[in-house]
Amino acid sequence: MNDMHSSQSSKYLGRIKRAASTLLIAAMPMLGLGVVAGCAWQPTNLRVDPAFTSKELVTGRIAIMPVKFDTTHVGPRERSLVVAQFIRATRQNRQDIPIVSNAEHDQALQGALQEESKYLRVYEEGGTDPSRLAELKASLDARYFVLARLHYEQTVHGAGSMGGNAVESTLSGKVSIVDTTSGAIVWEGDFSSTRSGVDTQVDPHPSAHALPFFSTFVRAWPKQP
């Protein structure tokens, strides 16, 4: 009887252990997702002026310039979607920072070529040329201009499971905050973001992952104490 009871107990304990192992294995992906979701990527800070504080940023007001890609392959429509994600990232992460604009600036951000080319001139001379800054500041009530110089690259790794191309896309670049009063770059950082997927054709769509890319920079700006 004791041997039979011992055998049944061993089988029962074995079932419990197997059930516990199954639950643990099932929970592991969820635990992993929780860890990943909690990660906060940070850009590499290239330049930070110690006098540039959250108070300066908030009271000075910012104007986000049209984004500048290092290739003409990214068209006006896609550029406008990218800068729209930059504005969205700023509003979502830093509601305390006033974003200023005007009708002409809005058209530039929406990809109107004539207006866009005017505001893109701010990138010349590193974005710190006093005459360029003065020209654009005259119509924008902002102390700081936010510039983004971007590079977008796609690499095809072969046919995907649905017959399309397995594409790895990388959005990288530099974001600078320029003080329009002094022409100095008061904050600057760079960052790279890569994502993979299957696409039937290779088209430049950096806006597909521009929101988390720009959120990375905005979260690194000086915060209120």
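Does Phe213 count as buried or exposed, and at what relative accessibility? I looked this up first, and Phe213 counts as buried at 0% relative accessibility, where buried means under 20% relative accessible area, exposed over 50%, and partly exposed in between, computed with a 1.4 Å probe on protein chains only.

**Ground rules.** I note that this is a predicted model, in which local features need pLDDT of at least 70 and side-chain atom pairs count only at pLDDT 80 or more, while totals for chains, interfaces and linings use all residues. Residues are numbered from 1 along each chain as its sequence is written, and side-chain values use heavy atoms, with hydrogens and water left out.

**Aromatic rings.** I searched for aromatic pairs and found nine in the structure, taking rings of Phe, Tyr and Trp (its six-membered ring) as paired if their centres lie within 6.5 Å, with planes under 30 degrees apart counted as stacked, over 60 as edge-to-face and the rest as tilted. One of them joins Phe191 and Phe213 in a tilted arrangement, 5.8 Å centre to centre with 45° between the planes. Phe191 lies in strand β6 (residues 185-199) and Phe213 in helix α7 (residues 210-220), so this pair ties together parts that are 22 residues apart in sequence. Phe191 is itself buried, at a relative accessible area of 13%.

I then checked Phe191 against Phe217, whose ring centres are 6.3 Å apart with planes at 85°, so the pair is edge-to-face. Phe217 lies in helix α7 and Phe191 in strand β6, so parts 26 residues apart in sequence are tied together here, and both Phe191 and Phe217 are buried. I also recorded one aromatic cluster formed by Phe86, Trp187, Phe191, Phe213, Phe214, Phe217 and Trp221.

**Ser193.** I looked at Ser193, which lies in strand β6 and is buried, with a relative accessible area of 18%. Setting aside neighbours within four places in sequence, I found Ser193 in contact (heavy atoms within 4.5 Å) with Ser169, Thr170, Leu171, His209 and Phe213. Between Ser193 and Leu171 I noted 5.3 Å in space, C-alpha to C-alpha, against 22 residues in sequence.

**Salt bridges.** A search of the whole structure gave me nine salt bridges, each being a side-chain nitrogen of Lys or Arg within 4 Å of a carboxyl oxygen of Asp or Glu. Arg47 forms one with Glu188, the closest N and O atoms being 3.8 Å apart, and the pair links distant parts of the chain, with Arg47 in strand β1 (residues 44-48) and Glu188 in strand β6, 141 residues apart. Arg47 is partly exposed at 40% relative accessible area, whereas Glu188 counts as buried at 6%.

I found Glu116 and Arg79 meeting in a salt bridge at 2.7 Å, N to O. Glu116 lies in helix α5 (residues 113-120) and Arg79 in helix α3 (residues 76-93), so the pair ties together parts that are 37 residues apart in sequence, and both residues are buried.

For Glu135 and Arg121 I noted a salt bridge of 3.1 Å, N to O, with Glu135 in helix α6 (residues 130-137) and Arg121 in the loop between α5 and α6, 14 residues apart. Glu135 is partly exposed at 37% relative accessible area, and Arg121 is partly exposed at 29%. My last entry is a network of salt bridges that links Glu56, Arg143 and Asp179.

Terms used
Helices (H or I, at least four residues) and strands (E, at least two) are DSSP runs, numbered from the N terminus.
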